[in-house]
Amino acid sequence: QVQLVESGGGLAQAGGSLRLSCAASGRTFASYAMGWFRQAPGKEREFVAAISWRGSGKYYADSVKGRFTISRDNAKNTVYLQMNSLKPEDTAVYYCNSVSYGATHSSSDYWGQGTQVTVSS
């Protein structure tokens with residue numbers, strides 16, 4: 001089973017940027033499509049972005065399209081989320097997880113601890 005550790009969250013002003021990282025353990029990381037999800041207080045966890053196992057395919061939630069960029073480095077077993085033009089509504093705990101490419105839900109029920117992103121107006 002792949003273990004996931006998210007990092008890079010913090011406090012940012014509206015219009016600012018943050019870069020999140022998700023470090024995965026396990027030899028099979030490179031064979032999985034990976035995604036980012038987020039959960040705001042009082043709301044359900046929602047899909048943010050996903051990337052194919054090779055990194056050539058990417059797709060995004062409409063709410064972040066054009067502002068966020070997902071990428072991965074299979075040599076480092078890490079997936080990234082570059083977040084630009086942040087908005088207060090991006091405030092949430094961010095998680096990564098494996099996905100079936102094309103889907104907007106995770107393919108595993110195992111979640112890491114997440115990383116908190118707070119955007120002030």
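Biologist: How many residues lie between β5 and β6 in their hairpin, and which glycine in the turn has a positive phi?

Modeller: Six residues lie between them, and the glycine is G55, with a positive phi of about 95°. This is a predicted model, so to speak of local features we need pLDDT of at least 70, and 80 or more for side-chain atom pairs, while totals for chains, interfaces and linings use all residues. Numbering starts from 1 along each chain as its sequence is written, and side-chain values use heavy atoms, without hydrogens and water.

Biologist: How do I read the pairing of β5 and strand β6?

Modeller: Strands are DSSP runs of E with at least two residues, helices runs of H or I with at least four, both numbered from the N terminus; two strands pair if DSSP finds at least two bridges between them. Here β5 and β6 (residues 58–60) are antiparallel, with three bridges. One place to look is I51, whose bridge partner in β6 is K58.

Biologist: And in which sense does β4 pair with β5?

Modeller: Strand β4 (residues 33–39) also runs antiparallel to β5, over five bridges. F37 has F47 of β5 as its bridge partner. The hairpin of β4 and β5 has six residues between the strands, and G42 there takes a positive phi near 75°.

Biologist: Is strand β5 largely enclosed or open?

Modeller: Buried means under 20% relative accessible area, exposed over 50%, and partly exposed in between, with a 1.4 Å probe and protein chains only. Five of the six residues of β5 (residues 46–51) are buried, so the strand is largely enclosed by the rest of the structure. Across the chain, 43% of the 121 residues count as buried.

Biologist: What does S85 look like by the accessibility criterion?

Modeller: S85 has 40% relative accessibility, which makes it partly exposed. You will find S85 in the loop between β8 (78–83) and β9 (92–99). Contact means heavy atoms within 4.5 Å; leaving out residues up to four places away in sequence, S85 touches G15, G16, S17, R67 and D90. Its C-alpha atom is 9.4 Å from that of L18, 67 residues apart along the chain.

Biologist: What do the secondary structure and the radius of gyration of the chain come to?

Modeller: There are ten strands and zero helices. The radius of gyration is taken over C-alpha atoms, and the globule rule is 2.2 Å times the number of residues to the power 0.38. For 121 residues a compact globule would have a value near 14 Å, and the chain agrees with 13 Å. Along the principal axes, the C-alpha atoms fill a box of roughly 40 × 25 × 25 Å.
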